[in-house]
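Me: I've just opened this one and would like a quick tour. Can we start with the charged side chains?

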Amino acid sequence: MASANKNQIPIEGALVGIVRAILWAAKNLQGAAVDPETPISVDWDDSYITDAETRMAQMRDDALSGLLPRYKYLSARYGVSEEDARKLAQEASDENKQPELSFGGGA
């Protein structure tokens, strides 16, 4: 992790330089109404350290333990809208319901 963070410093500088050059070109060559000196920040996440499969597995575990709604996991896993994922989750819940047990006959 320390090595990854150390590598982010020069990469961030290069990215900011590229964006500044694009902004400068847009303003000076294209006449766009942009500010080449606008504040620029790079927000690093851990996605290059944690692969997508690991994140999905963590998300699945969170859904199974009740920390995350199951429809959110389904939406992320299968790339469907949250509305469609809610329908899928409800359909699965309906199919997995256990029949009620009754003892001793009718009313």
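Reply: Start with aspartate 94, which forms a salt bridge with lysine 97. Their closest N and O atoms are 3.8 Å apart. A salt bridge here is a side-chain nitrogen of Lys or Arg within 4 Å of a carboxyl oxygen of Asp or Glu.

Me: What kind of model is this, and how are residues numbered?
Reply: It is a predicted model: local features need pLDDT of at least 70, side-chain atom pairs count only at pLDDT 80 or more, and totals for chains, interfaces and linings use all residues. Residues are numbered from 1 along each chain as its sequence is written, and side-chain values use heavy atoms, with hydrogens and water left out.

Me: How many salt bridges does the structure hold?
Reply: Four. One of them joins the side chains of lysine 87 and glutamate 83, at 3.5 Å from N to O.

Me: How far apart are lysine 87 and glutamate 83 in helix H4?
Reply: Four residues, so about one helical turn separates them. Glutamate 83 is exposed, with a relative accessible area of 52%.

Me: Which side chain does arginine 60 meet in a salt bridge?
Reply: That of aspartate 61, at 3.7 Å from N to O. Arginine 60 counts as partly exposed at 36% relative accessibility. Aspartate 61 is also partly exposed, at 41%.

Me: New topic. How many helices and strands are there?
Reply: Four helices and zero strands. From the N terminus on, the elements run α-α-α-α. Both kinds are DSSP runs, numbered from the N terminus: helices are H or I with at least four residues, strands are E with at least two.

Me: What share of the protein chain is buried?
Reply: Buried residues make up 13% of its 107 residues.

Me: Which residues are buried in helix H3?
Reply: Tyr71, Tyr73, Leu74 and Ser75. H3 covers residues 70-78.

Me: What covers them?
Reply: The cover includes helix H2 (52-65) and helix H4 (82-95).

Me: How do H3 and H4 cross?
Reply: Their axes come within 8 Å and cross at roughly 120 degrees. That makes H3 oblique to H4. Axes are lines fitted to C-alpha atoms, for helices over the stretch in contact, and angles run from 0 to 180 degrees between N-to-C directions. Under 35 degrees counts as roughly parallel, over 145 as roughly antiparallel, 65 to 115 as roughly perpendicular, and the rest as oblique.

Me: Which residues make the contact?
Reply: From H3, Tyr71, Lys72, Leu74 and Ser75. From H4, Glu82, Ala85, Arg86, Leu88 and Ala89. Contact means heavy atoms within 4.5 Å.

Me: What comes just after H3?
Reply: Glycine 79, with a positive phi of about 65 degrees.

Me: Last one. Where does isoleucine 11 lie?
Reply: In helix H1, residues 2-28. Isoleucine 11 is partly exposed, with a relative accessible area of 41%. The C-alpha atoms of isoleucine 11 and valine 42 are separated by 9.6 Å. Along the chain, those two residues are 31 residues apart.

Methods. Buried < 20%, exposed > 50% of the residue type's maximum accessible area, 1.4 Å probe, protein only.
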